[in-house]
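Here is a short briefing on charged side-chain pairs. Have the sequence and the model open as you read.

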Amino acid sequence: MNLTNFSVVNYQFTLVVFVMVAVIGGVTMLTMPRAEDPQINPPSYPIIVVYPGTSPQDMEELVVKPIENKIYELENIDKIVTAIEDGLAVIRVEFKYGVNVDNKYQEVVREINALRNDLPEDILSIDIRKIDPSDVNILQVALISENASYASLKTQADNLKEQLEKVTDLKKVKISGVPNQEVRIDLRLDKLAELQIPLNVVLGSIQSDAVNIPGGSLTAGNKTFNVKTSGKFTSLDDIANTVIYNASGNIVYLKDVATVGFRNEAEKHITRLNGYRCVLIHAAQKTGSNISSTQEKYLPILANFEQSLPPTIKLYQHFDQAENVALRLSGLGIDFLIAITLVLLTLSPLGSRASLVVMIAIPLSLALGLVGLNAFGISLNQLSIVGLVVSLGLLVDDSIVVVENIERWLRDGFSRKEAAIKATKQITIPVIATTATLVIAFLPLIFLPGGPGEFVRGLPLAVITSVIASTLVSLTIVPFLASVLLKEHSNPEGNILLRLLKRAIAATYAKLMKAALARPAIALLIAAILFGGSLALFPVIGFKLFPTSEKPIFLINIKMPLQTSLQEGNRITKMVEDSLRKNEIIDYFTSNIGKGNPQIYYNVPQQEEKFDFAQIFIQLNTNTKPLIKNRLISDLQGQFATFPYAQIEVKDFEQGPPIEAPISIRVFGDNLDTLRKLSFEVEKILRTHKGAIYVNNDLNTLKTDIKVNINREKARTLGVFTADIDKTIRLAVAGLKLGIYTNTEGEEYNIVINSPKEKLTNLQSFDNLFVNNAIGIAVPLSQIASLNFETSPTSINHFNKNRFIKITSSTAKNVLANDVLKEVAPQLDRLEMPKGYYYKLSGEAESEDDAFGGSFITVIILTIFLFIAVLILQFKTFKGLIIVLSVIPLGVIGGVTMLWLTGNPMSFIAIIGFIGLAGIEVKNSILLVDFTNQLREEGTELNTAIEQAGELRFLPVVLTSLTAIGGLIPLAINSNPLISPLAIVLIGGLISSTLLSRIVTPIMYKLIPPNIEISHSKH
């Protein structure tokens, strides 16, 4: 008993399964994870080293090179890219895709821990991170107050943070924009010198008392007791009363030479919302959580907390990704309903009952597809939903074919039950074969390499699971429904719509095909000219790997003159804010001075601390169209182009894997002076191109440092060690962390020893500095060292341990990076570079190489051979193979023409559209060639068989193409530029291939007819 027969005969069981599938699919849709964008898990691990006061060159020698040498020994390293700045090094370790992400992270952590003792002791921090898309903040709220103290704001922020941390689906709840408190010990170095107390003695005393060493446990009688030792500091008075010196009965306490108290850390990051002073609280969501249900948990917390705030502090929930996700998914949901309506209209020629059977099959197929998608761990996001909408136009094909065949058997006088079983059995193999062609077209897309492949993986998986589900439904539930719902002995000519469609085909297509078959050379020449013309359009439309985001958000980066202070940066940022207030479509603008905005977009990480940098996160009205946003960005770019105090970069978010800039040119070499000279030449070339904007050169200007020149001979003569000089200077300028103070409530504060100073460290910090020699005598720093200014590079970059400098730029409106590089690259090739110096393109160009590298070519080759294998299995002849594959260029004509007409460039998503289109075209062509073969097997003459097959198969092909186009139209007019190109390519390709292949395929069949043996029994 076959599957169809079982489903119809055991209809009670089929009905139960029918309901079960519907329920499980509905539950899956409601419970599966939802996210705005696909989650990618790149094997990338940034190692962030903070070493305040260290120049890039010192950082390179002391920190970066040892770490790079150690990490480079690990297996499966793809690349190590390092950026070194003042006191900061970011070493981005990237492994090849396919490795175990967690295992590689542990390897990196293990190697760094093993190296830790060989690195400088006074490194402030080494943070090893794992790139996790779920680290993107889904929530950002601001506590605004112009008059509340930082302490009050910090207290309220801590309270909210503590409450949000109780939400199980949230993680990494953090506070930004308010300095932490610390226990500050302002040590008077001149007083130490007067008392002849060595600095090391003071530091040792404080560190000794700050350490808590458990005493262990002991047994007394039949009980065990823990032994508590002296313990850590219990109060500020306890710290102030620390004995730092005891000689000849003369006891000196810390309070005698220092002031101890709570102080705010040095301000490094200023935040404002809409120009008002604020503190930001932001949180990310755990992997696998549903953002809608997560929102339901934190909204009551925010509402209750807002009620508890004092009148001087206001809460603004200005960024909530759940709202964006709901808006985007509901928009796609509406598109989905529109698509179903259009599909229903295109099915109307089949009749109301047949259309009803097909329409019932659609949600069942999608429900099964959702279950499969969830099993693969794919969330409901913009790309997976697009895959479902794309499959909507494809999965009806199987049901249409089955229902149409059942209708034909009914017209021949069979009962509904008998027709359902026999008609479905007759076409089971063709249905499975056509499904196989679609799966083959989309299956290799699952294995696309690198970040781009992982980013789009949900789309082909959604298509494949839905199409396979539709085949299962069409061979089981559809026959059962047909046996119940369809009428027996229906009109053999069909309803009025079907009759009108048949007449239109006879009046147009039949005549055109006869004319083409009479002059095959002319017809093929026309097709060849159209294909050649379409190929000529590719350079015209250009290429961009991934488009910009359509969301009503963007960034403004403010790059101030080198070494601008935080206070001056704050003043400059306020000028930009004053201009933004005048734009009515801007709802919120969040200013971050000295650091980037907390990460709120999946491929834009937060900029680390940098005083001469500020970033403003712009949020427009939620209903702002992309066209309006792009116009505003263009207006702001023009407005700030001549801003005198800083370079203002107005940038939209880019979709796809992260890149450093659309255009990035790396120049490799060892000598920094030579690299700097070459960077000017590259920068000049880029600046001469009108399409390049925001040109940045790492080495455009040199930074000025204060160099402490130690007279080593004099220092040795006076018995002063260089290490003691360095330690004293660091204490006076940056301070030294000596331990942790924990109060009675369990709150921890850093204990930092410093010299007395105002809010900011200035040159006066070097006044009255003394360094103790070996026997404790204080020597004035001015006797053994002098201060001078010296220049040094602002940053140093490494790529796989090789030094390089980078020159980056963005592109002007309607200008593609590839178009700029076409003109720039020849000029770069003509540059005379010294031996050992060379350039490489990164940015979008490097991302394209990663996306379309060797693995991508392998995927394309695999797709071609899978097609060939299936077609050879189907037709048993290479002639049939050639005839079927000849339709693929015909889809290219419509696809590229539609991209050109709609102003879309070629892109990664568009390429996926072309690959999927090949499967759809081949599927339709198989039906025509197979039916022509059947007619010839029955003894029909070649030309007659070609004409009959072309005319009879034109109707189902038109119907299936119209349903696919109807389902894709809402996506094509969608404002999201990541989604629409895929639908545009498929619609254009379906139109051209449906029209042209019905002419070209019969001609090809006539020119190279496969050898067919006549079946006498059929004849």
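A salt bridge here is a side-chain nitrogen of Lys or Arg within 4 Å of a carboxyl oxygen of Asp or Glu. The model is predicted. It holds 34 salt bridges. Side chains of opposite charge can pair when their charged atoms come close.

**D135 and K172**
- D135 pairs with K172 in a salt bridge, with 3.1 Å between the closest N and O atoms.
- D135 sits in the loop between β4 (125-128) and β5 (137-144), and K172 sits in strand β6 (residues 170-176), so this pair ties together parts 37 residues apart in sequence.
- D135 is buried, at 18% relative accessible area.
- K172 is partly exposed, at 44% relative accessibility.

**R263 and D186**
- R263 forms a salt bridge with D186, and their closest N and O atoms are 3.1 Å apart.
- R263 belongs to strand β12 (residues 258-264) and D186 to strand β7 (residues 181-187), so the pair ties together parts 77 residues apart in sequence.
- R263 counts as partly exposed, with 33% relative accessibility.
- D186 counts as buried, with 6% relative accessibility.

**K191 and E194**
- A salt bridge joins the side chains of K191 and E194, at 4.0 Å from N to O.
- Both residues lie in helix α6 (residues 189-195), 3 residues apart, which is about one turn of the helix.
- K191 is partly exposed at 22% relative accessibility.
- E194 is exposed at 60% relative accessibility.

**A network**
- Salt bridges link K79, E660, R666, K806 and E846 in a network.

Note on methods: Residues numbered from 1 in each chain as written. Predicted model: local features only at pLDDT ≥ 70, side-chain atom pairs only at ≥ 80, totals over all residues. Heavy atoms only, no water. Helix = DSSP H or I, 4+ residues; strand = E, 2+ residues; numbered from the N terminus. Buried < 20%, exposed > 50% of the residue type's maximum accessible area, 1.4 Å probe, protein only.
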